[in-house]
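Here are some notes to read beside the structure. They are set out as numbered points.

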Amino acid sequence: MSYFLFFLLAVVCVGAVLGMIFSRNQAYNALLLVLAFAALGGIFGLLSAPFIAVVQIIIYAGAIMVLFIFVIMMINLRVGIPAEKKKWTIYLSVILAVFLIVEVIIAAKGSFQALAAPGGEEIASPKALGNLLFTEYLYPFEITSVLIIAALVGAIILVKKKEKG
Amino acid sequence: MIPGSYFFILSVILFVLGVIAFFVKRDLLTQFLSIEVMLNAGNLAFLAFARALNSLHGQVIVFFIITVAAAEAAVGLAIILLIFRQKKTIKSEDMNLMKG
């Protein structure tokens, strides 16, 4: 059952990203990525990380992608991006991709043994995660709040229209 | 139980698809979206290893990555909006201000 769920979600996820590569419409691209990230949230759930799965769906598929869709609507290109004329960049990127896959697999070959280990059967509870987050990772957690404030203020200052006079 | 290597292979495939999308696409917004795909592939690899090594630290790292990605998306989209206001285009070939 869990194998079926995994392959279903994986196919949806990879298919949505492939659709993003072949589609020319930016709004469709963003919506396809919402689908991909929601499927990825399901896969996170299969990895016994329920809290991260929920955060993924709420923040990524919800908040971040809605931000993208807002900006796509504000930019509102009447004519879409024209088809790519230079075909060689596509071939070059496919060759690059094949090399990258082989390279990563070779680099991670030593850790497949660790990946096959049966550890981590039990569900990682949000309680244990919060415990770790507020004890050992307390300083990074607090620093993240400063980062978010800085990003928020920076984004508002950047986009604000200058007052005339 | 599904072996962790399945998840790792899926994360490699997603990362490489993100790289391809970044190079094939010609508008800044879609390139930015493909960066998000790459970040998510990294998250998946972190979670796969976290489960295999039976440690919660990987999940905490994923939590931070998601937060930083949200901040990065806000600032990046603001910059793209500024570029569009000034140049009336978001095609990446038109960003040639630094070209000699």
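Where in chain B is B:K88 found?

1. B:K88 sits in the segment after α3 of chain B. The model is a predicted one, and the values below are computed from it. Phi of B:K88 is near 60°, which is a positive value in a residue other than glycine. As a general rule, most residues other than glycine have a negative phi. B:K88 has a relative accessibility of 58%, so it counts as exposed, the cut-off being over 50%.

2. B:N54 also deserves a look. This residue is not a glycine, yet its phi is positive, at about 55°. B:N54 belongs to the loop between α2 and α3 of chain B. B:N54 counts as partly exposed because its relative accessibility is 44%.

3. Next comes the contact between the two chains. Chain A contributes 80 residues to the contact and chain B contributes 69 residues. Between them the chains bury about 7,000 Å², and 82% of that area is on carbon and sulfur atoms. Of the area that chain B buries against chain A, 9% comes from B:L33, B:F63 and B:I66, more than from any other three residues.

4. Which kinds of pairing are counted between the chains? There are 0 salt bridges between chain B and chain A. Residue pairs in polar contact number 10, with both residues at pLDDT 80 or more.

5. The side of chain B that touches chain A draws at least two residues from each of α1 (4–24), α2 (28–52) and α3 (57–87) of chain B. Which helix gives the most to this side? The answer is α3(B), with 23 residues. By residue type, this side of chain B divides into 51 nonpolar, 10 polar and 8 charged residues.

6. Chain A can be described by its elements. It has 7 helices and 0 strands, and the order from the N terminus on is α-α-α-α-α-α-α. Among contacts in chain A between residues at least 6 apart in sequence, 58% join residues that are at least 24 apart.

7. How much of chain A is buried? Of the 165 residues in chain A, 32% are buried. The accessible surface of chain A is about 10,300 Å², and carbon and sulfur atoms account for 75% of this surface.

Definitions and conventions:
Residues are numbered from 1 along each chain as its sequence is written. Chains are lettered from A and ligands numbered from 1 in the order in which they are written. This is a predicted model: local features need pLDDT of at least 70, side-chain atom pairs count only at pLDDT 80 or more; totals for chains, interfaces and linings use all residues. Side-chain values use heavy atoms; hydrogens and water are left out. Contact means heavy atoms within 4.5 Å. Buried area is the accessible area (1.4 Å probe) that two parts lose on being put together, summed over both. A salt bridge is a side-chain nitrogen of Lys or Arg within 4 Å of a carboxyl oxygen of Asp or Glu. A polar contact is a pair of N or O atoms within 3.5 Å; within protein, one must be able to donate a hydrogen and the other to accept it, and residues adjacent in sequence count only if both atoms are side-chain atoms. Helices (H or I, at least four residues) and strands (E, at least two) are DSSP runs, numbered from the N terminus. Ala, Val, Leu, Ile, Met, Phe, Trp, Tyr, Cys and Pro count as nonpolar, Asp, Glu, Lys and Arg as charged, and the others, Gly among them, as polar. Buried means under 20% relative accessible area, exposed over 50%, partly exposed in between (1.4 Å probe, protein chains only). Accessible areas come from the Shrake-Rupley method with a 1.4 Å probe; for residues, only the protein chains shown count as cover.
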